[in-house]
Amino acid sequence: MNKILTITIPVYNMERYLDRCLSSLFLPECENNIEILIINDGSLDASQDIIDLYTLQYPKLFRAIHKENEGWGSCIKLAIGEAKGKYFKVLDSDDWFNSAAFREFIDVLEKKDADIIGTGMTEVYADKTYLCKNYPDEICNRYWTLEEYLRKKNNLQHDFPLSRLTYKTNILKENKFTIGDKYYSDIDFNLQPLVFVKKIYISSLNLYYYDRGIEGQSTSKKGYINHFDDYKEMTCRCVRFFSKYKKCLNETLRDFFESYIISHCVFVYKFYLKQGGGELNILEFDNFIKLSDLNIYNKLNGKKIISIIPFIFIWRKTGINVYKLLKLWI
């Protein structure tokens with residue numbers, strides 16, 4: 001490792017946003033300390049022309065790899081193998097960094113040593129409104145064990161989004177975890193390496209700007225419908241991974257992972273029952289959960305809609321689809 005940071009940018013047909021992304025990283029004074037690894041995942045638009053502009057002008061700062069289109073996760077796996085930085089951060093090509101905070105962030109990385117560095121982020125909406133999501137002051141600018149942090153934060157299951165996390169690269173290179181190639185593989189990347197994390201450092205910096213105003217994002221309703229098979233496969237990967245490692249985890253970490261995974265399982269059941277994914281498909285998924293982790297399977301019985309209706313339990317015991325039944329009365 002001869003750099004302090006590798007920033008990885010997966011790119012697929014992002015000519016509209018890519019210059020905004022790359023220009024936010026322009027710190028020539030840091031070219032000896034950071035590398036910006038741009039993975040062009042078979043773009044069909046002018047993304048490569050924009051990439052060439054930056055790599056030709058600033059070859060010490062920007063490095064590019066062009067590959068066949070295989071998906072976001074395939075770019076991350078390639079980048080982990082290529083990374084030369086002590087730390088590893090992903091920046092999606094339709095998002096960007098707060099450039100002023102970026103300069104301070106490099107200074108933090110040079111001075112601190114942790115398995116994860118956490119930073120704040122800002123969501124930017126189509127109407128140009130902003131929603132800042134900073135860590136609370138009382139937990140910032142200090143080290144925590146992962147267990148201490150989870151207890152302090154009361155096991156918030158969605159507190160580790162891609163935008164907040166910077167991993168120590170060796171955590172990613174030296175341990176075995178499974179990242180899917182396509183949609184929702186960022187959830188694999190967020191969750192699974194946490195098994196190997198001991199020490200984290202939370203910074204008060206607000207670094208990452210996440211564009212919520214882009215049509216067709218995978219987290220939109222249309223995105224979930226179009227790519228639901230990828231979401232289900234991601235959920236299955238996480239269940240398998242948790243089942244493999246749960247005996248190595250203490251109670252706090254086990255509860256965190258279990259809660260996180262159950263939330264994704266609930267989404268899969270809801271999707272099948274609301275959208276009509278086919279009786280055979282939901283039965284196969286339900287049987288997979290039962291065989292993979294009986295504790296998760298049983299806890300899913302208690303998950304409710306409208307606060308009182310255990311819809312998975314009712315479906316399992318009676319075959320009644322509560323969502324369809326409710327539509328008769330709405």
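The accessible surface of the chain comes to about 15800 Å², and 50% of that area belongs to carbon and sulfur atoms; the areas come from the Shrake-Rupley method with a 1.4 Å probe, and for residues only the protein chains shown count as cover. You are looking at a predicted model, where local features need pLDDT of at least 70, side-chain atom pairs count only at pLDDT 80 or more, and totals for chains, interfaces and linings use all residues. Residues are numbered from 1 along each chain as its sequence is written, and side-chain values use heavy atoms, leaving out hydrogens and water.

**Overall build**

- There are 14 helices and 10 strands in the chain; these are DSSP runs numbered from the N terminus, with helices being H or I of at least four residues and strands E of at least two.
- The radius of gyration is 21 Å, close to the 20 Å given by the globule rule for 330 residues, so the chain is as compact as a globular protein of that length. Here the radius is taken over C-alpha atoms, and the rule is 2.2 Å times the number of residues to the power 0.38.
- Along the principal axes, the C-alpha atoms fill a box of roughly 65 × 45 × 35 Å.

**Burial, contacts and charge**

- Of the 330 residues, 52% are buried (under 20% relative accessible area, with exposed meaning over 50% and partly exposed in between, using a 1.4 Å probe and protein chains only).
- Among contacts (heavy atoms within 4.5 Å) between residues at least 6 apart in sequence, 79% join residues at least 24 apart.
- The chain carries 46 positive and 43 negative side chains, and the centres of the two sets lie 7 Å apart. Lys and Arg count as positive and Asp and Glu as negative, while His and the chain ends are not counted; each charge is placed at NZ of Lys, CZ of Arg, CG of Asp or CD of Glu.

**Aromatic rings**

- The structure holds 24 aromatic pairs, meaning rings of Phe, Tyr and Trp (its six-membered ring) with centres within 6.5 Å; planes under 30 degrees apart are stacked, over 60 edge-to-face and the rest tilted.
- The ring centres of F256 and Y260 are 5.9 Å apart with planes at 65°, so this pair is edge-to-face.
- Both F256 and Y260 sit in helix α10 (residues 251-276), four residues apart, about one turn of the helix.
- F256 is buried at a relative accessible area of 1%, and Y260 is buried at 5%.
- Y269 and F285 are also edge-to-face, because their ring centres are 5.3 Å apart and their planes at 70°.
- Y269 belongs to helix α10 and F285 to helix α11 (residues 279-292), so the pair ties together parts 16 residues apart in sequence. Y269 and F285 are both buried.
- One aromatic cluster is formed by F26, Y54, Y58 and F62.
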